Amino acid sequence: MENASIFVIMVSAILVNNFVLSRFLGICPFLGVSKQVETAFGMGMAVTFVMTMAGTLTYFVHHYILVKLGLEFLQTAAFILVIASLVQFVEIVLQKMSPTLYQALGVFLPLITTNCAVLGLALLNIQYDFGLIQTIVHSFFAAIGFSMAIVLFAGIREKLEISDVPLPFKGFPIALITASLMSIAFLGFTGLV
Amino acid sequence: MDINTIIIAAGILGVMGLLFGVGLAFASKKFAVEIDPRVVAVREAVPGANCGACGYPGCDGFAQAVVKGVAPVNGCPVGGADTATAVAQIMGLDAGETVKQVARVKCEGHEENCGNRYDYDGIDSCLAANMLNGGPKKCLYGCMGLGSCVQVCPFDAIHINDKGLAEVDPEKCTACNKCVVICPKNVISLVPYEQLTIVACNNYDKGPMVKKNCNVACIACGICERNCPHDAIHVINNLAEIDYDKCTNCMICVEKCPTKAIQGDLSLRTVE
């Protein structure tokens, strides 16, 4: 993957290795905030922003601090630190700069801190030995993949809400079945890259 | 791994944490947003169900509107008098008087009193049934008992009783107005909690026509109007209406009503 072209990374991050549907990262927000397309979209945008920033920042932290000092084993701890601070910072800035967006995102913003998709992304970037450009592209499009999955899922759940579901399957069971069917559908992209 | 590695690792993480912490502290100062502390206080004083009964988008919206002076301090119907007093205190105003209201279903036309014109076999929704020629009931104004109000009630306060009519639990009801809005028959209305006498009919048709369809309907005979000692009940548009400001719950109308369309528990009447 070191020399993978930008385009391959893009397709791979969105479709083939979709963070939610193939890697099963970030399942919590995927199930938690996917009841309405609108909120799902808000969550998607917040995650996109944080993931792109976090991916880029962790790249610098890893290559210019941890590697230089031979402390690669600190990856996980250091990345959590970076992500948590970043989310906090984004929240503070957003509240000041764009109260409307801040209100729209609401509680999802701090929730991203505990979103494993963000940490997973940071670790994967290092694992794949990506360069800076590749890291940024991968981070951004992985997040786009996440947003796409959650918005699609929310669309389906909105339809489910008004359809006649057998009582034992109402609510979460049918949502989980739907998610698994989506995951199987995304399996079809495997041969693409 | 020697001890130095551990110390360096801890040191690096510590320094990073410290840097981020300082950065965040600086950022929160630099980007501090000034929030009126009264907004926070009002927000904490209201119940926080985000039901929207006040007409603002959620409790946050209401709190902001109160502090701006747009919304009245007693604008939260759910919280009632207690909340109004608390909010008024925060705002340094007088709460004024708020009367606790509850929703009441103004219909007694269950199966025995008011039959069906046809059998309805569709989905359990008054809105859907109402589109089929005004619903299955003989009376076009009465409660169909399909439970659209039950579905919208955020407080679990309205249910379909064993007679097949919607019934409000006045203890749970917070007068959020949601059932009143959704009911396609407009058969639910807000009534003061203390009000014991209500006209349990919503039919605006003329007497003979009403009588054909329902045994307990108001036939607009006017007996209640003539017997009321307080001038509190009037027949308007073929339907008796109680002026709750004047009514003393003497329940003379309940006794006199020939069709028993006026409801009231006679054991609770105020004797004069």
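Is Cys176(B) buried or exposed? I looked it up: Cys176(B) is buried, with a relative accessible area of 11%. I take buried as under 20% relative accessible area, exposed as over 50%, and partly exposed as in between, with a 1.4 Å probe and protein chains only.

I note that this is a predicted model, in which local features need pLDDT of at least 70 and side-chain atom pairs count only at pLDDT 80 or more, while totals for chains, interfaces and linings use all residues. Residues are numbered from 1 along each chain as its sequence is written, chains are lettered from A and ligands numbered from 1 in the order written, and side-chain values use heavy atoms, without hydrogens and water.

**Cysteines**

I looked for disulfides, meaning pairs of cysteine sulfur atoms within 2.5 Å. The count over all chains is zero. I checked Cys139(B), which is buried at 8% relative accessible area. Its closest cysteine sulfur is in Cys114(B), 5.2 Å away and too far for a bond.

**Chain B**

I found that buried residues are 40% of the 272 in chain B. I read its secondary structure as ten helices and eight strands, taken as DSSP runs numbered from the N terminus (helices H or I, at least four residues; strands E, at least two).

**H2 and H4**

I looked at helix H2 (residues 37-45) and helix H4 (residues 80-91) of chain B, whose axes come within 9 Å and cross at roughly 170°. Axes are lines fitted to C-alpha atoms, for helices over the stretch in contact, with angles from 0 to 180 degrees between N-to-C directions. H2(B) and H4(B) are therefore roughly antiparallel, a term for angles over 145 degrees.

Conventions: Angles under 35 degrees count as roughly parallel, over 145 as roughly antiparallel, 65 to 115 as roughly perpendicular and the rest as oblique.
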